[in-house]
Amino acid sequence: MNNSTDSLKGSRLELVCDDKKAAHSPNTRLVASALACGFKYGTDKPFMESYEEVDGNTKVSVTWLMDASTKVPFTWVESKDGKLVAREESISFGEFRSRYIDREWIEANPDHPISYLRATHTQHLSMLKTIAKLPKHHVIRKGSAKVSIPDNATAEERAYFLNQLNKRR
């Protein structure tokens, strides 16, 4: 019989938990980066998002189960005294995790692949925040002519754009 705990037998697990929804959790980005590098889930059911009602308030909890026993190799080149030096190491998920979340380590090791992964996710978050602040646009097409009007356009601007559309027909 296949019990739900069968997937845990013999595994060393590292739990990655927080109280944010998975789509907004920095741990989701951490786990995605780890998987991209070759780390593995610790079980065939590696993810749980739960909601707990406490005194009328909902608390979210997200947990990832990662394989703590596997080591993944990293290779990179860094500059030392004006020369390029090849570096390599194999690290566990726990070490990967501690480096990924340690800003001082990231700043001290700018050439390491973990630093690139972290920079990518930091930039992505910055872009999402910027995009969220930008106005949406309505595209209006008449025949082959079209105009794009931002949601935050004033009545005068909207009239101007529509007038330009009518001139192009």
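Aspartate 55 is exposed, with a relative accessible area of 78% (exposed means over 50% relative accessible area, buried under 20%, partly exposed in between, with a 1.4 Å probe and protein chains only). The model is predicted: local features need pLDDT of at least 70 and side-chain atom pairs count only at pLDDT 80 or more, while totals for chains, interfaces and linings use all residues. Residues are numbered from 1 along each chain as its sequence is written, and side-chain values use heavy atoms, with hydrogens and water left out.

**Loops with positive phi**

- Aspartate 55 sits in the loop between β2 (47-54) and β3 (57-67); strands are DSSP runs of E with at least two residues, helices are runs of H or I with at least four, and both are numbered from the N terminus.
- The phi angle of aspartate 55 is near 50°, a positive value in a residue other than glycine.
- Aspartate 81 lies in the loop between β4 (71-80) and β5 (83-92), and its phi is near 55°, again positive in a residue other than glycine.
- Aspartate 81 is exposed, at 80% relative accessibility.

**Salt bridges**

- The structure holds six salt bridges, where a salt bridge is a side-chain nitrogen of Lys or Arg within 4 Å of a carboxyl oxygen of Asp or Glu.
- One of them joins glutamate 95 to arginine 99, with the closest N and O atoms 2.8 Å apart.
- Both glutamate 95 and arginine 99 belong to helix α2 (residues 93-101), where they are four residues apart, about one turn of the helix.
- Glutamate 95 is partly exposed at 32% relative accessible area, whereas arginine 99 is buried at 11%.
- Glutamate 78 is buried, with a relative accessible area of 12%, and lysine 80 is partly exposed, with 45%.
- Lysine 20 forms a salt bridge with aspartate 19, the closest N and O atoms being 3.9 Å apart.
- Lysine 20 is partly exposed at 39% relative accessible area, while aspartate 19 counts as exposed at 56%.

**Nonpolar cores**

- The largest nonpolar core has 19 residues, of which Phe39, Met66, Phe74, Phe93, Phe96 and Ile114 touch the most other members; a nonpolar core is a set of buried Ala, Val, Leu, Ile, Met, Phe, Trp, Tyr and Cys residues joined through side-chain atoms within 4.5 Å.
- At least two residues of this core come from each of α1 (26-37), β3, β4, α2 and α3 (103-108).
- Another core, of five residues, lies apart from it and includes Val147, Ile149, Ala153 and Leu165.
- Leaving aside neighbours within four places in sequence, phenylalanine 93 is in contact with Glu14, Val16, Leu30, Ala34, Phe39, Met66, Asp67 and Thr70 (contact means heavy atoms within 4.5 Å).

**Nonpolar surface patch**

- Leu125, Met127, Leu128, Ile131 and Leu134 form a nonpolar patch on the surface, together having about 420 Å² of accessible area.
- Patches are made of residues with over 30% relative accessible area and no salt bridge, with like charges joined within 9 Å and nonpolar side chains (Val, Leu, Ile, Met, Phe, Trp, Tyr) within 5 Å.
- Accessible areas come from the Shrake-Rupley method with a 1.4 Å probe, and for residues only the protein chains shown count as cover.
- Methionine 127, a member of the patch, is placed in helix α4 (residues 113-133) and is partly exposed, with a relative accessible area of 44%.
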